[in-house]
Amino acid sequence: MTEGISAQSRTAVVEDPAGGAMVRVENLHRSYGTGASAVHALRGVSFSVPHGELVALKGRSGSGKTTLLNLVGGLDTPDSGSVTVDGTELSGLGEHGLLELRRDRIGFVFQSFGLIPILTAAENVGVPMRLRRTDPKVREERVALLLALVGLADHAGRRPGELSGGQQQRVAIARALANRPALLIADEPTGQLDAETGLAVMELLRAVVRSEGVTALVATHDAALLGLADRVLELGDGGLVEPAPQA
Ligand code: ADP
Ligand code: MG
């Protein structure tokens, strides 16, 4: 059932890490507004994320982390420059192509969890599979597996309001993994959690990157969490503070 194209790109990464990276960002520019009031959020950012790595993106508030993640995730389009995810150049995709990319290839985790309040944990995890019309039996099996993976097998029937913040973020991580994404994008996933709970959530992310073979790009300004990453990129003044280390 392996898709030929993705199998090829996975092979290529062994021989050519830069060319076969999961994420490749080249000379990305993004401004908000025009004229004197324009904010140049990103001014020429380039880096790549190798397959299977957890890359942390740090930088003070307003340094452009969310802007960058939105561009990599196909939620926003750059003024110039290119984003390639798993071999697909995003500017070549139309609205529908971007929607499919976000649904099928990328899992998103946000600071505010983003769970649907009236759905149970299990139903929330199942949403991305419903959008893809996954067979209900397959869907339910995968939901159970994912809830077990994030340590919430006993909480499947609870609604978000009946879960702690850390538990809600675990549900969100399980949901993000539902469609077996190639790439996980997390924007300050521990921003609303206390230090101890935040570290546990980061450790869970670290573990699923290994166990699920997913690649992750995680924005955080929590210094304690950066040690878990394979590499750290720092944004400042719209650019990377240090060039990304060579793979
Ligand atoms: P971070 O996530 O690192 O805090 P952001 O990407 O949210 O940074 O913001 C980068 C810069 O772009 C900031 O100066 C912010 O005020 C500005 N910005 C972000 N989004 C918008 C927007 N929709 N309209 C105008 N300015 C924005
Ligand atoms: Mg942000």
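Where does E188 lie? I found E188 in the loop between β7 (183-187) and α7 (195-211); helices (H or I, at least four residues) and strands (E, at least two) are DSSP runs, numbered from the N terminus.

I noted that this is a predicted model, in which local features need pLDDT of at least 70, side-chain atom pairs count only at pLDDT 80 or more, and totals for chains, interfaces and linings use all residues. Residues are numbered from 1 along each chain as its sequence is written, chains are lettered from A and ligands numbered from 1 in the order in which they are written, and side-chain values use heavy atoms, with hydrogens and water left out.

I then looked up the surroundings of E188. With a relative accessible area of 13%, E188 is buried (under 20% relative accessible area, whereas exposed is over 50% and partly exposed in between; 1.4 Å probe, protein chains only). Apart from neighbours within four places in sequence, E188 is in contact with K65, Q111, A219 and H221 (heavy atoms within 4.5 Å).

I turned next to the sheet. Its 4 strands form an open sheet in the order β2-β1-β4-β5, with antiparallel pairing (at least two bridges found by DSSP between two strands). Because β2 (39-49) and β5 (88-89) each have a single partner strand, they stand at the edges, and one side of each is left without a neighbour in the sheet. I saw that 2 bridges join β4 (residues 80-85) to β5, and that T84 stands opposite E89 in β5.

Finally, I examined α3 (residues 95-104). Its residues G97, L98, L101 and D104 are buried, and E95 and H96 on the other side are exposed. The buried residues of α3 pack against β6 (106-110).
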